[in-house]
Amino acid sequence: MRTAARFHEIILGLRAKFATSGYRAVAFAIGAVACGGSASDSVAPTSSVTAAAIVITPAAPPAVAVGSQFALQAEVHGTDGQIVPGATVFWSSLDTNVAIVTTTGIVTGKSLGSTQVAASSGGQSAVVPVAVVPVAVASIAILPGQASLTVGATAALQAVTYDAAGQVLTGRSVVWATSAPQIATVDNSGTVTGVSAGTATITGTSEGKTASASVSVSLTPVSSVAVTPSSAMVVAGHTVALTAVATDANGNVLSGRAVVWSSASPSVATVSTLGLVSAVAAGTATIKATSDGKTGAAQIVVSLPPPAAVAAVSLAPSTLSLQVGNASNLVATLRDSSGTALSGRTVAWMSSAPAVATVSNAGAVTAVGAGTAVITATSEGKSAAATITVSIPAPTAAVASVRITPSTVSLRNNQTAVLTAKVYDSRGSQLTGRIIAWSSNDSSAVSVTRTGSSTATIAVVGGDNGTTIITATCESATGTSVVTVHD
């Protein structure tokens with residue numbers, strides 16, 4: 001059998017020889033090379049004219065998709081350059097895994113790649129290249145066609161490509177785009193992220209075919225509304241400004257939300273659209289702030305002007321340090337414009353951070369949580385403030401016991417489970433902020449890994465069926481959980 005290099009050498013030489021004959025992609029070679037046999041294996045043309053050249057049309061066939069077909073035609077020319085009528089032509093494919101050819105020249109794509117198809121007659125052959133490409137995308141669908149999400153949330157879209165017969169095509173590249181990136185963005189995998197309220201069209205394009213999905217982005221719902229201050233005493237004819245803060249279900253502050261203010265007793269106090277309360281007459285009024293159906297309120301106590309106006313307020317002490325759970329008193333001193341102390345006047349107390357320290361109507365401050373709070377005492381529009389620093393006392397109770405949940409676990413090979421350990425003092429009160437160490441009495445069978453301040457993940461890693469003891473240790477106390485491994 002002749003080599004492929006010799007085959008191409010012969011084709012190139014004869015193609016140049018007949019370049020001026022007007023033939024299209026004429027190539028000559030020994031028939032045995034293209035057909036896989038000797039020259040004597042070819043069948044001579046039925047014409048008495050000797051075959052000198054074969055012309056395959058088209059000379060540069062179009063790419064064929066997997067499973068599709070196209071037709072080739074071969075003309076046999078004699079030594080006189082004329083077409084040999086009735087000549088027998090044999091067709092063959094160099095790689096039948098890529099493409100096959102029928103006895104009539106019909107080529108069918110079998111798999112992605114390239115090969116050559118040869119036509120042979122009377123000891124002469126011609127070849128043309130054949131490229132097999134993927135089935136073209138005829139249409140694309142985006143699933144789901146509609147999606148709704150809140151600002152900051154994500155949604156996954158899927159692009160499904162189809163051929164002309166409606167069959168799903170896999171492994172096709174899809175380019176994603178958004179019509180409004182200021183409302184919703186989309187990444188290369190089709191994951192959409194809400195940016196701001198509105199509607200955006202997300203498109204997916206594959207091989208020139210496009211489909212879209214409509215995405216609606218809404219604001220995160222308001223979960224609660226808090227009004228600051230929650231209470232205030234105002235002298236008739238004076239005003240006090242209230243602030244409304246809207247938060248989501250996770251306690252995150254939501255900005256830019258519309259707030260509607262209202263007064264339950266307009267004859268006592270009115271409120272503007274910006275939360276400015278105007279005291280009208282003596283009494284109590286509930287001022288409400290509503291946003292997205294959620295309402296917060298403040299109690300406004302309106303008093304009549306005293307005979308002598310309060311000119312100044314002072315607090316003693318002006319700074320105070322407390323530990324959580326402790327309490328202390330602040331004393332407010334009111335003076336008129338001449339510096340004379342005034343008695344019998346109403347003082348409104350307020351804490352800037354009730355989660356840190358609260359204050360009673362008598363000035364009694366209670367430490368609630370670690371941090372700093374400003375306690376304000378107000379009388380007739382005059383105020384004074386004291387800074388309260390709250391700290392957490394160091395833990396003193398010793399760990400008396402450790403309990404693991406669950407206390408027994410049944411697992412198969414390669415399964416995992418999560419254990420939770422809680423520590424208690426001698427009175428049975430749960431303690432927090434303690435360091436817990438985890439161990440396994442047979443880590444080759446069941447391993448244990450700390451995954452949180454009080455949790456650990458156990459995993460069956462090998463060995464025979466049996467039991468393993470998992471231990472949680474805190475200070476000098478321990479707790480155990482029994483892990484049973486079974487088939």
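**Salt bridges in the predicted model**

Arg345 and Glu380 are joined by a salt bridge, with 3.0 Å between their closest N and O atoms. The term salt bridge denotes a side-chain nitrogen of Lys or Arg within 4 Å of a carboxyl oxygen of Asp or Glu. This pair connects distant parts of the chain, 35 residues apart: Arg345 lies in the loop between β34 (341-342) and β35 (348-351), and Glu380 in the loop between β38 (371-379) and β39 (382-391). Strands (E, at least two residues) are DSSP runs, numbered from the N terminus. Glu380 has 16% relative accessibility and therefore counts as buried; buried means under 20% relative accessible area, exposed over 50%, and partly exposed in between (1.4 Å probe, protein chains only).

The model is predicted: local features need pLDDT of at least 70, side-chain atom pairs count only at pLDDT 80 or more, and totals for chains, interfaces and linings use all residues. Residues are numbered from 1 along each chain as its sequence is written, and side-chain values use heavy atoms, leaving out hydrogens and water.

Across the whole structure, a search finds four salt bridges. Side chains of opposite charge can pair when their charged atoms come close. Another of these pairs is formed by Glu475 and Arg434, whose side chains meet at 3.0 Å, N to O. Distant parts of the chain are again linked, 41 residues apart: Glu475 belongs to the loop between β47 (466-474) and β48 (477-486), Arg434 to the loop between β43 (430-431) and β44 (437-440). Arg434 is buried, at 14% relative accessible area.

A further salt bridge brings Arg427 together with Asp425, their closest N and O atoms lying 3.9 Å apart. Arg427 is exposed, with 71% relative accessible area, whereas Asp425 is buried at 8%.

Definitions and conventions. Helices (H or I, at least four residues) and strands (E, at least two) are DSSP runs, numbered from the N terminus.
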